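Keep the structure open beside you as you read.

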Amino acid sequence: MKLYEKLLFESITKKIDINLKSYIDSKVIPMYKNHDRAHDEKHAKEVIETSFQIAPLVKEDINPNLLYASSALHDVGLKVSRDNHNIHSAKIIRRLKILNKWFSKSEIEIIAQAAEDHRASLEKIPRNIYGVIVSDSDRCSGYNIERLMERTWLYRIDDLKNESDETIFNEMFKHMNFKFGKEGYAKLWLKETYKVFKKGIERTRKICSNRDLAWDLFQEMRSDGRLKR
C-alpha cells in the first residue's frame with residue numbers, strides 16, 4: 001500500500017467504532033488461522049485494506065462500520081466447508097448476536113448479503129454496495145500476480161506436495177487462467193476498482209493468459225524462496 005493510500009486507509013478506519021474494531025481484530029480475524037493457507041489472516045487483512053481503498057471512490061455514502069464488518073466476516077464460513085462457504089458465512093453472520101451491539105437487524109442483513117454474494121463464481125452483481133466492494137476486494141490477489149501465484153501455490157501444495165514442480169504449476173496455471181486470464185470468470189463490478197488497480201490487473205491478466213510468462217515467474221519465485229514446499 002502506497003503512503004497516501006495508507007494515510008487514507010488510516011483516516012477512514014479512525015471513524016470505525018473502537019469496540020467493533022477491537023472485536024473484529026481480536027475475535028474475527030484470528031478465525032482465519034483455521035482456514036487453508038490461501039485464506040488466512042493475511043487474506044482477511046488484504047480484503048479489508050482493499051475495501052477501504054475502493055470505498056472513497058464510489059459515489060454512494062459508505063458506512064465504515066458496515067464496510068469493516070462486511071470485509072472482515074466475508075470468509076468466516078470456511079470453518080464449515082470450502083463448498084458454499086459464502087452461504088455458511090451469511091448464516092454465521094445472521095446468528096452472531098454480538099453484532100446487535102453495533103448494527104440494526106437490517107444492517108446485519110446487509111453484512112450477511114455481502115458475504116453471501118462475494119464469490120467470483122457468482123454471475124449476478126451483489127445485492128448491495130458493501131457486497132460489491134467486498135466482492136471486488138476479494139479479487140485483490142488478482143491485482144498482484146506474485147500474490148496470486150503465492151496464494152494459488154499455498155492452496156495446492158499440501159495436497160500435491162509429492163508431485164513435481166511442473167505438475168503443481170500446471171494445476172496452478174489452469175486455475176489462474178480460468179479465473180484471472182483475459183477470458184477469466186472473475187469479474188470486477190466497479191470501474192473504480194479497475195481505476196485504482198489498473199496496472200496490476202492488466203499485468204495479472206497478461207501473465208495468467210500466457211503459460212510461458214507464468215512459468216518463468218513461477219520458477220523465479222521457487223528459486224528465491226517465495227514459493228516453499
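Predicted model: local features only at pLDDT ≥ 70, side-chain atom pairs only at ≥ 80, totals over all residues.

## A residue in helix α5

Asn86 sits in helix α5, which covers residues 85-95. Asn86 has a relative accessible area of 4%, and because the cut-off for buried is under 20%, Asn86 counts as buried.

Which residues does Asn86 touch, leaving aside those up to four places away in sequence? They are Ala115, Glu116, His118, Arg119 and Leu122.

## How α5 meets α6

Two packed helices are described by the angle between their axes and the distance between the axes. For α5 and helix α6 (residues 105-116), the angle is about 165° and the axes are 7 Å apart. That angle makes α5 roughly antiparallel to α6, since the cut-off for this label is over 145 degrees. The crossing of the pair is right-handed.

On the α5 side, the contact is made by Asn86, Ile87, Ser89, Ala90, Ile93 and Arg94. From α6 come Ile108, Glu109, Ile111, Ala112, Gln113, Ala115 and Glu116. Sorted by class, the contact of α5 with α6 holds seven nonpolar, three polar and three charged residues.

Now over to another helix. Helix α4 spans residues 64-73 and is mostly covered, with ten of its ten residues buried. Among them are Pro64, Leu66, Tyr68 and Ser70.

How values were computed: Residues numbered from 1 in each chain as written. Heavy atoms only, no water. Helix = DSSP H or I, 4+ residues; strand = E, 2+ residues; numbered from the N terminus. Buried < 20%, exposed > 50% of the residue type's maximum accessible area, 1.4 Å probe, protein only. Contact = heavy atoms within 4.5 Å. Axes fitted to C-alpha atoms, helices over the stretch in contact; angles between N-to-C directions. Parallel < 35°, antiparallel > 145°, perpendicular 65-115°, else oblique. Left-handed = near helix turned anticlockwise from the far one by under 90°. Nonpolar A, V, L, I, M, F, W, Y, C, P; charged D, E, K, R; others polar.
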